[in-house]
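Biologist: Hello! I am new to this structure and would like to walk through it with you. Could you show it to me, please?

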Amino acid sequence: MSFGPPPTPYHVPGSDASSGPPPRTGRRRAAVGAVAAVLLAALAAGVWAFGPGGAGGGSPSDARAAAGRQAPDDIRETVEKRPPSPEGTAVVSYEETLRTVGRNVSAMGTWATDEVFAKGFGNEIKGFRLGGSQASEIAWRLTLPGPLCAVTRHVSVDGRTAIVYAGEGGGDGGDATADGGPDTDPLTRVCDRLAVFDIDTGKKMWDTRLAGAGSSLAVNVTMTHGTVVTAWGEGSAAYELTGGKRLWADTDPSACADEGFAGGRDLLALLSCGDSADPAYRVQKIDPRTGDAEWTYRVARGVQGVYLVSSSPAVVAVAAGDVVVTDLISLDERGERRATIRLNRDHQVLDCDRTFSAVVESCGAIVVDDDRLYLSEEDHIVAHDLATGRPAGKFDAPAGGEMHPLRMSGGQLIAYRPGRGLGRPDAVVALDPDSGEETLLLLFAGGAEVGALDDPAQNDIVYEHGRVFFGARTVVGPYDEGEVGGTDQVAVGIESAG
């Protein structure tokens, strides 16, 4: 299948990069340290339709070599191996009982290593042992004095990640497993603690107070190159991943506020300047060690919202003249606009907006590699060339189905195919954008095992070390007294039965 004539790249009027790498406007920086076997053949038949600009991406061997060169405190870029058998079996099943009518519990945070799966719920994070006879047993619990306020999906090569939570006085101190934990009303949290913990052991490596931090409506956290960076509306700060030494902080009032950061290979900051009712947005590439801006991209005035899709290559999502995302903009190494991708939002899964959340590094349903951007559109995944914005090909799901990109694995795209309502199992596949080859990784009874957790716009879906995990972001309490005592799925994990 080929595409019709490519559309003319859409430009958001007035968007531009500033000349040169100006300092962060109005900010004074304090540098304080430098996924049945009979169905396998039929279900593995996804189709790649080549379009303009279909070539690109590095070879798997190159990607493995690059991953092998990563330092322990770098952000991991796992290159997956084909499991011994695609037949899947449950490895984690985590449920919670909610007893309070009308109370919803935040379940932010879904992480995995080759040894442990970890899930946040209220004021607690639980770690589940993976592999061997001890699979799915609780390996550890990390209980916090108040609820989790912000998490990052990033994990370091040595298995660490960062969280922000409410410290003493940040909640009512209830038991998370009995009643949803401390007060989960975001307006009552005082999110003033930043910590890094080891996913394999559940131990906090360090913990620090965020001076001046307040409402969780404004707090977010990310990681890049051995650095943890957080913003809380009134300020921002960066810390060394190992040890927690503060590198820089910005708590001075100014005309521009740090809305949040995006990490990974590079560090991007989203700033809002001027009138809060009609702010001017800027995106900056930041040196994580010093806080200095390397370039600034000025978003067109009148844009209602901006999200940071990827730090490298730099991609931002904007709501131009609307309150939902209308365009994706790729930037070059100097912060200048490369291309704009106009979206058909009625048929695409973007997952950018998070209600009552300050996270700007969202759009988790969009995956970016060095040359292309992938997103789910009806019954296929479509790729767009980052240099031109034009369609660069698509992967089709089996008739009547869906397919959603999860992440890159070297030069291949890991994708999830739900089988809901189609009488066939769910599948996780690896897609090669260059050759068109599809490799079946996992096949499992998603409807029976995964339940309501298979919507990538509402839940976390993580594929790591040959396993796929589905995690709720929010667990909804009973609506009336007659429902009290029911259980809800918080997370499910699937691994190869081979």
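Modeller: Gladly, and let me begin with a term: accessible areas come from the Shrake-Rupley method with a 1.4 Å probe. Please keep in mind that this is a predicted model.

Biologist: What share of the accessible surface of the protein chain belongs to carbon and sulfur atoms?

Modeller: The accessible surface of the protein chain comes to about 19,500 Å². Of this area, the share that belongs to carbon and sulfur atoms is 48%.

Biologist: Thanks! How many strands are there in the protein chain, and what percentage of its residues is buried?

Modeller: Along with four helices, the protein chain has 38 strands. A residue counts as buried when its relative accessible area is under 20%. Among the 498 residues of the chain, the buried share is 55%.

Biologist: Let us turn to pockets. Which element gives the largest share of the lining of the second largest pocket?

Modeller: The second largest pocket holds about 420 Å³ of space. It is lined by 18 residues, and those closest to its centre are Glu259, Tyr281, Val306, Tyr307 and Ser357. Two elements give two or more residues to this lining: strand E18 (256-262) and strand E22 (303-311). The largest share, four residues, comes from E22.

Biologist: And how many residues in the lining of that second largest pocket are nonpolar?

Modeller: The lining of the second largest pocket includes four polar and four charged residues. The number of nonpolar residues in this lining is ten.

Biologist: Which residues lie nearest the centre of the largest cavity?

Modeller: This cavity has a volume of about 60 Å³. Its lining divides into seven nonpolar, two polar and three charged residues. Twelve residues line the cavity, and nearest its centre lie Pro398, Arg417, Pro418, Arg424 and Pro425.

Biologist: Now for single residues. Is threonine 78 buried or exposed, and which side chain does its own side chain join in a polar contact?

Modeller: Threonine 78 sits in the loop between helix H2 (60-68) and strand E4 (88-97). Its relative accessible area is 17%, so threonine 78 is buried. Beyond its neighbours within four places in sequence, threonine 78 is in contact with Arg407, Met408, Ser409, Glu464 and His465. The polar contact, at 2.6 Å, is with the side chain of glutamate 464.

Biologist: With which side chain does the side chain of arginine 372 make a polar contact?

Modeller: Arginine 372 belongs to strand E28 (residues 372-377). Because its relative accessibility is 1%, arginine 372 counts as buried. Its C-alpha atom is separated by 8.9 Å from that of glycine 389, 17 residues apart along the chain. The polar contact, at 2.9 Å, is with the side chain of tyrosine 374.

Biologist: Is the peptide bond from serine 312 to proline 313 cis or trans?

Modeller: Most peptide bonds are trans. Proline 313 lies in the loop between E22 and strand E23 (314-320). The bond from serine 312 to proline 313 has omega near -5° and is cis.

Biologist: Is cysteine 363 buried or exposed, and what is its phi?

Modeller: Cysteine 363 lies in the loop between strand E26 (348-349) and strand E27 (367-368). With a relative accessible area of 1%, cysteine 363 is buried. Most residues other than glycine have a negative phi. Cysteine 363 has a positive phi of about 50°.

Biologist: Last one: where does glutamate 378 lie?

Modeller: Glutamate 378 has a positive phi, near 55°. Its relative accessible area is 46%, so glutamate 378 is partly exposed. Its place is the loop between E28 and strand E29 (380-385).

Key:
Residues are numbered from 1 along each chain as its sequence is written. This is a predicted model: local features need pLDDT of at least 70, side-chain atom pairs count only at pLDDT 80 or more; totals for chains, interfaces and linings use all residues. Side-chain values use heavy atoms; hydrogens and water are left out. On a 1 Å grid over the protein atoms alone, a cavity is a set of points where a 1.4 Å probe fits but cannot get out, and a pocket is an open set with protein on both sides within 12 Å along at least five of seven lines; lining residues have an atom within 4 Å of a point. Grid points are joined across faces, edges and corners, and a volume is the space filled by probe spheres set on the points. Ala, Val, Leu, Ile, Met, Phe, Trp, Tyr, Cys and Pro count as nonpolar, Asp, Glu, Lys and Arg as charged, and the others, Gly among them, as polar. Buried means under 20% relative accessible area, exposed over 50%, partly exposed in between (1.4 Å probe, protein chains only). A polar contact is a pair of N or O atoms within 3.5 Å; within protein, one must be able to donate a hydrogen and the other to accept it, and residues adjacent in sequence count only if both atoms are side-chain atoms. Contact means heavy atoms within 4.5 Å.
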